[in-house]
Amino acid sequence: MTRTGTRRAPASRRRARWIAAAAVLAVTASALAGCATRGATTLDTEAPVHLTMWSGQSDQAEKLLQALVDEYERDHPNVTIDMSPGASSTDELLQKLAASFAGNDSPDISYTFGSWASQLERSDRTLDLRETVAEPAVHWDEFTAAARNTAQPTGRKVIGFPAVVDNISLLYNTEVFDRAHVAYPTADWTWADFRKAAKQLTDKDSNTFGYGYSVSGSEETTWQMWPHLWQNGGSILSKDGKRAAFDSRAGVESLGLLRDMAVKDKSVYLDQTDTKFAQLFESDRIGMITSGPWELSALKTAGTSYGVVQLPGTDGDHQTVSGPDLWTLFDNHDVNRAHWATDFTTWLTAKEQDERFNVAVGNLPLRSSEATSEAFLRQAKTLPGLDVMQANSANAKQTRPTVPGYNGLSEAFGNAVAHVLQGEGTPKTALRQASVAADKALRQG
């Protein structure tokens with residue numbers, strides 16, 4: 001998703017790069033694992049160490065991060081950290097990492113999207129931080145379950161630390177609600193309440209819609225559906241992670257709700273671009289969107305009057321979805337580099353430093369202990385609703401899959417959702433067909 005501070009490309013280009021780079025990762029690391037030149041084999045914490053870090057950040061965030069790197073270097077004179085964005089966009093980092101594996105010149109630390117986690121672990125080029133995160137001083141339990149699970153994609157190695165956490169909440173445009181004389185959403189809303197309000201907010205004469213949803217078939221289309229599926233008791237994958245499980249009663253009911261809103265009520269603006277629904281919300285043409293903290297800066301700039309609550313629920317279940325990203329650490333066969341890369345990343349993601357990075361750029365804080373900090377409370381006043389989104393992190397109870405075949409599964413599911421919302425086919429038939437394509441993608445990995 002589009003986040004403050006990160007550098008993104010269109011979803012279609014992201015998908016193509018992901019597939020190409022994933023294929024390289026699958027063969028490169030195993031073929032060349034024994035070719036790397038080994039560095040220090042005995043830890044010497046006073047020896048000079050040079051680390052490479054790929055940040056994946058835009059200019060504003062890069063400056064904040066560089067200041068933290070400079071501070072760490074001052075406090076640790078034997079450590080030099082050469083930080084750069086790593087690529088022209090964050091999306092290109094995976095392919096750069098694949099190339100670095102081939103050349104045995106991997107960075108020590110790199111920003112990586114959470115969806116790459118299991119592919120990176122399978123490369124056998126990451127460090128394993130299980131002993132580090134088990135240390136009481138690290139306070140690993142302060143990260144959300146979704147973030148922790150993303151960092152430990154197969155349940156074995158911990159390949160890095162959370163870099164960005166987020167979740168999807170319900171944003172409502174108070175101007176649109178007031179114009180239609182509809183009561184604002186509350187934290188107790190059900191999806192029936194949501195559907196009713198969306199219908200009341202829709203006005204054909206002014207071309208105003210109650211809700212906006214992506215039908216591009218991208219991950220934006222896909223991940224917006226996962227909370228519906230989970231709240232209805234469904235699963236994305238089978239228990240062994242080898243097959244799609246969304247073709248279920250829960251899947252049909254979840255997709256059926258949005259289909260009825262889009263096709264019967266005609267209360268949903270169907271966005272082919274992933275971006276226009278947010279712009280129409282900002283300009284008082286859409287009453288509600290489900291989105292995350294990356295939207296708040298744009299709303300502030302646009303001067304939009306809005307509110308934020310947790311997602312509507314099913315039988316009191318208000319689960320949401322989170323898409324955490326990571327600082328992944330790579331094994332360059334040098335115990336000194338591994339030690340200081342781990343130490344720096346542990347320090348960077350501690351509360352004190354995170355308040356000066358993630359909180360400062362308008363992201364959610366990484367840790368639950370930051371929710372009441374002065375730095376976060378100040379930022380929440382600047383970006384109203386950020387505190388609600390932080391509290392909503394507790395509703396991110398399940399982890400979006402990071403299995404190698406997830407990209408293909410997402411594409412199959414997203415296309416099914418897009419077609420159904422546009423009146424093409426039924427939820428049951430579309431999901432059955434999508435599950436066949438998803439299972440093929442999971443088999444291919």
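# A briefing on a predicted fold

At 0% relative accessibility, Leu-120 counts as buried (buried means under 20% relative accessible area, exposed over 50%, and partly exposed in between, with a 1.4 Å probe and protein chains only). This is a predicted model, so local features need pLDDT of at least 70 and side-chain atom pairs count only at pLDDT 80 or more, while totals for chains, interfaces and linings use all residues. Residues are numbered from 1 along each chain as its sequence is written, and side-chain values use heavy atoms, leaving out hydrogens and water.

**Around Leu-120**

- Leu-120 belongs to helix α4, residues 117–122 (helices, H or I with at least four residues, and strands, E with at least two, are DSSP runs numbered from the N terminus).
- From C-alpha to C-alpha, Leu-120 and Pro-153 are 9.5 Å apart in space, and they are 33 residues apart in sequence.

**The open sheet**

- Look for five strands in the order β7-β6-β8-β5-β9, which form an open sheet with mixed pairing (two strands pair if DSSP finds at least two bridges between them).
- β7 (268–271) and β9 (306–309) stand at the edges with a single partner strand each, so one side of each has no neighbour in the sheet.
- From one strand to the next, the twist averages 25° (axes are lines fitted to C-alpha atoms, for helices over the stretch in contact, and angles run from 0 to 180 degrees between N-to-C directions).
- Helix α8 (residues 191–201) packs on the sheet and touches β5 (169–173), β6 and β8 (286–291), with its direction at about 140° to that of β8 (contact means heavy atoms within 4.5 Å).
- As a reminder, strands of a sheet pair through backbone hydrogen bonds, either parallel or antiparallel.
- Four bridges link β6 (residues 209–214) with β7 in the parallel sense, and Tyr-211 has Val-268 in β7 as its bridge partner.

- β5 runs antiparallel to β8, joined by four bridges, and Ser-169 is partnered by Ser-291 in β8.
- β5 also pairs with β9 in the antiparallel sense over four bridges, where Asn-173 has Tyr-306 as its bridge partner.

**Nonpolar cores**

- The largest nonpolar core has 69 residues, and Met-53, Trp-327 and Phe-344 have the most contacts inside it (such a core is a set of buried Ala, Val, Leu, Ile, Met, Phe, Trp, Tyr and Cys residues joined through side-chain atoms within 4.5 Å).
- A second, separate core of 50 residues includes Leu-229, Ala-244, Leu-311 and Leu-409.

- The largest pocket holds about 660 Å³ of space (on a 1 Å grid over the protein atoms alone, a pocket is an open set with protein on both sides within 12 Å along at least five of seven lines, a cavity is a set of points where a 1.4 Å probe fits but cannot get out, and lining residues have an atom within 4 Å of a point; points are joined across faces, edges and corners, and a volume is the space filled by probe spheres set on them).
- The largest pocket is lined by 27 residues, and those closest to its centre are Pro-153, Leu-237, Gly-241, Pro-401 and Val-403.
- A search of the whole structure finds four cavities of 30 Å³ or more.
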